[in-house]
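I opened this model to look up how its parts meet. I then checked two residues. My notes follow.

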Amino acid sequence: MSKHIGVLTAGGDCQGLNAALRAVALTAFQEGWKVTGIHDGFLGLAEGCIKPLEKADVSPIIGLGGTILGTGRGGGRAKGTEEAVENCVKSFNELGLDALVCLGGDGTQRFSYELAKKGVPIVTLPKTIDNDIAQTDITFGYDTAVQVSVMALDRLRTTADSHHRLMILEVMGRDAGWLAAGAALAGGADICLVPEIPYSTTAIVKSLKAQIYEHKAALLVVAEGAISQEDALLGLKPKKHVAAMRLVDQIPELTGIEARLTTLGYVSRGGTPTAGDRIFATQCGSKAIEYLKAGITGVMVASQGGALVPVPLEKVAGRPRLLPRDHSMVKTLQSIGVCMGI
């Protein structure tokens, strides 16, 4: 049974990280375990940058955005992944840790898997606003990011209606369109473009002309990694912001309709988490300690069909969860007349 655990957050920040950290620590304290916070992700682990955590450190942070431990990418000053893994394993042993809890997205899951293969007892938690981690139905950070995006759309709608314009909202999502689809569905957008479905400019123009004729205004949500059908046929890889920047220039030329672009960017990753993210992050953090207590390691806490289950890291690492074309959100968007660019 583990008695001294380390906990870290790696990769990008998002809402719910502190709620999960809090749950990990408080549940461990209930077992009489010692908890050591590791600064700045695997960078801090490699270099032994730590902070012993006490109940007073974590009790009030459930609603705090970001992460009190800081976060980072990579494994310190190592020249490559193999050296970074070796440095982290060495530091793990020197710190006298019995197990590690890692909160992060796809990159964190991949690096954690490498540590697990070296014998480090590890449990990970799924965090990202993109909701694109394999084997889990939901990640913490996603619910808040959707809510922030919807708040932006609500405000853009008033300007669109007042000026009879197309308002374009670009949200994060380099490879996956979960955030764009969720925001478009909840925010009442008229057009939604996601990376998984290359878009036709002709289809967008046709939909937009009909929308403007009927309502004199429109909202378009585009993921930062969206790609046109022409670029996809050429085998080009999506580049962040390209679709949004093209559309804000092309649409006025093709339709005569004024268009304005708002890029939400990091705004969607910061600030206070929703109740939904707080609840899910807390459940994940508590479950991680339950797994460690039972000797279950080398797994990620995943939500499947409404239940939390341990999924082997080898099934998670390097396997992004993309938005299927036949997903219920896509079907619902199309059923209510939202243009998906096709």
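I looked up the division first: domain 1 covers 4–141 + 273–315, and domain 2 covers 142–270. These bounds come from an automatic or database domain assignment. I noted that this is a predicted model, where local features need pLDDT of at least 70, side-chain atom pairs count only at pLDDT 80 or more, and totals for chains, interfaces and linings use all residues. Residues are numbered from 1 along each chain as its sequence is written, and side-chain values use heavy atoms, with hydrogens and water left out.

**Between the domains**

I read the distance between the C-alpha centres of domain 1 and domain 2 as 33 Å. Domain 1 puts 18 residues into the contact and domain 2 puts in 13. Contact here is heavy atoms within 4.5 Å.

Next I took the buried area, about 1,200 Å² between domain 1 and domain 2. Carbon and sulfur atoms give 50% of that area. The term covers the accessible area (1.4 Å probe) that two parts lose on being put together, summed over both. Which residues of domain 1 lose the most area to domain 2? I found Q15, I129 and D130, together 43% of what that side buries.

I then searched for charge pairs. The rule finds one salt bridge across the interface of domain 1 and domain 2. It asks for a side-chain nitrogen of Lys or Arg within 4 Å of a carboxyl oxygen of Asp or Glu. I also listed a salt bridge between the side chains of D13 and R269, at 2.9 Å, N to O.

**T139**

I placed T139 in the loop between β5 (122–126) and α6 (142–163). Helices (H or I, at least four residues) and strands (E, at least two) are DSSP runs, numbered from the N terminus. Is T139 buried or exposed? T139 is buried, at a relative accessible area of 0%. Buried means under 20% relative accessible area, exposed over 50%, and partly exposed in between (1.4 Å probe, protein chains only). A polar atom of the T139 side chain lies 2.6 Å from the backbone oxygen of T128. Leaving aside neighbours within four places in sequence, I logged contacts of T139 that include P126, I133, D277 and F280.

**T67**

I found T67 in the loop between α3 (55–58) and α4 (81–94). T67 is buried, with a relative accessible area of 16%. Not counting residues up to four places away in sequence, T67 touches T9, L17, N18 and L21.

Definitions and conventions:
A polar contact is a pair of N or O atoms within 3.5 Å; within protein, one must be able to donate a hydrogen and the other to accept it, and residues adjacent in sequence count only if both atoms are side-chain atoms.
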